Amino acid sequence: MGFIAEGFQKALQLIFSGNAELFAIARLSLAVSLLATAAAVLAGVPLGSWIAIKKFPLKKPLIALINTGMGLPPVVAGLVVMLFLSRSGPLGFLDWLYTPAGMILVQFIIALPIITALSVSAMQGVDPGFYRQVLTLGASDRQAMFICLRELRLAVLAAVIAGFGRLVAEVGAVMIVGGNIRHQTRMLTTATVMETQMGNFDTAIALGLILLTLSFAVNFGLTLLQQKKVPAR
Amino acid sequence: MIKLSGLRLGYDTGFRLEVDSFEICGGEVLAVIGPNGAGKTTLLNALALLNPPSSGSLELLGRDALAPENKMFLRREMSVVFSRPYLTNDTVEKNVALPLALRGRGDAAAVDEALELFKIRHLKSRSAKTLSQGEAHRAALARAFVTKPKLLLLDEPFASLDARVKDAICRDLRKVVKASNAAVFFVTQDQGDALTLCDTLAVLVNGRILQRGEPQELFARPACAEVADFVGVDTILPGKVASKEDNLCRVETGCCALEVVSACEPGDSVFVCVRPENVSVSIGAEENSMRNRFKGRVLSIEPRGLEYRLVLDCGFGLTAAVTKQSVEKLRLEPGRELYASFKATAAHLIKRML
């Protein structure tokens, strides 16, 4: 048990010593996950709302497909994205393999079904009468959707929290697409795996602590935003 | 301002709305009454461009309302108030300003004016979620009037309000509507609300408008048995006009003969309609000027609002409306014998199609 306590002690020393590489890894992790979440929110929330509101053929199978996507194994997503981004793949011209852009892309693909499915579910909970009322106030379809989403901000922020939580802890896809290249694509999760495999438990614990702290900080901020206008019961 | 013809709209459930034609001019209030499931809200949704009809024509403000290019323009010229206020999670002021914001306009004076019209200026900073039902309805009405709409559609806007609040809002709404010159389409189940607000009344039953006209005329002279039943005619007797002298028809019902002033002709099969408030009851057999007078027995007494409904067996079923004082004074109770009478002008004949 002693080595665990020792690991924590060394980890704290590492964090407070201001290790530049460690903080660069943390910054990259945060940037990749936040950008991927933001992109997934920008695409997934309107898409989910549109699917919820509109009537079209195969709507139910599409929703089932999106729900299935919530459980998409990250390594499968990573493998597919790697094949697409590889030099001979259809997106090879982008030259995104083993770059942060590639990691954002794969994380976006992982988060998109989560945020879309939760948005569909939230929007389907809107009273149809409310939506009709907003339309009759003179709203365009887009304005009506925006007003409904504003009313659903608790549920939308829950979707954001769920999406970010999934991404910040994700390791398999970014390992495959990013390659865990030092100073380029090394993330907190991939570095933790690597340091653990190398037996550097203190560094692995330090990385894990930073990951948890960052995750908590972002989620705390989102939760504050979410709970800001919840009336007391 | 609102003109429709041959409007047809159906649901998978088999329900069909079939409205041949009607028109509402600026400043006119048309109230549509009808039982649950008659199609009132379906018709309102069609006028609000929320439910496109399968056929027919609809003209709003002189434009073809079914043409997609006119939809947004027309939506922004109308306001709709539903039975639930559907306010957003904002202040009252922001709720009332919302239609203006959606049109890219910010007009604080118009918002203040709308709040003032419905006497809720003092609530402008309050969260909409903390309003009472009456206040929320006032906010919804203020929101509807903030754009000074040319078309106003009201879908049972007072359905969930208590009588006192409803009366107050109804009075204010009437004033605002009369001053606005908007064409108003008002859907309700409550005949009292309809009479308070409307200039013209229509009765919708099973997806069809069965009668349209001035409210007093429609209540006194329903065109068919379904309308009569809905507008509160409790006594509807089938019969045949046996003879006629001047305008006074003698109608044989099989169990009695009634005298009714009507344009019907001898040989016509008819329904005799008698409104309960037109039936007088007395214990003694005093003479009066009423041509229809029957001895009967009380079958039941039931409260109906501030009045009572007295169901009498006079050889045929006859319903009378009596006050609480009359019930006490005449000691009315089931089994009590009395006399019921009504004037020949107080009954109405509907020709039956055989």
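Ground rules. This is a predicted model, where local features need pLDDT of at least 70 and side-chain atom pairs count only at pLDDT 80 or more, while totals for chains, interfaces and linings use all residues. Residues are numbered from 1 along each chain as its sequence is written, and chains are lettered from A and ligands numbered from 1 in the order in which they are written.

Where the domains touch. I found five residues of domain 1 of chain B in contact with four residues of domain 2 of chain B (contact: C-beta atoms, placed from the backbone, within 7 Å). On the domain 1 side, I get four nonpolar, no polar and one charged residues (nonpolar: Ala, Val, Leu, Ile, Met, Phe, Trp, Tyr, Cys and Pro; charged: Asp, Glu, Lys and Arg; polar: the others, Gly among them).

Leu61(B). Its phi is positive, about 50 degrees, though it is not a glycine. I placed Leu61(B) in the loop between β4 (55-60) and β5 (63-64) of chain B (strands are DSSP runs of E, at least two residues, numbered from the N terminus). Leu61(B) counts as partly exposed because it has 17 C-beta neighbours inside 10 Å (buried is 20 or more other C-beta atoms within 10 Å, exposed 12 or fewer, partly exposed in between, with C-beta atoms placed from the backbone).

Asn206(B). Here too I noted a positive phi in a non-glycine residue, near 50 degrees. Asn206(B) lies in the loop between β9 (200-205) and β10 (208-213) of chain B. With 15 C-beta neighbours inside 10 Å, Asn206(B) is partly exposed.

Key: Two residues are in contact if their C-beta atoms, placed from the backbone, lie within 7 Å. Helices (H or I, at least four residues) and strands (E, at least two) are DSSP runs, numbered from the N terminus.
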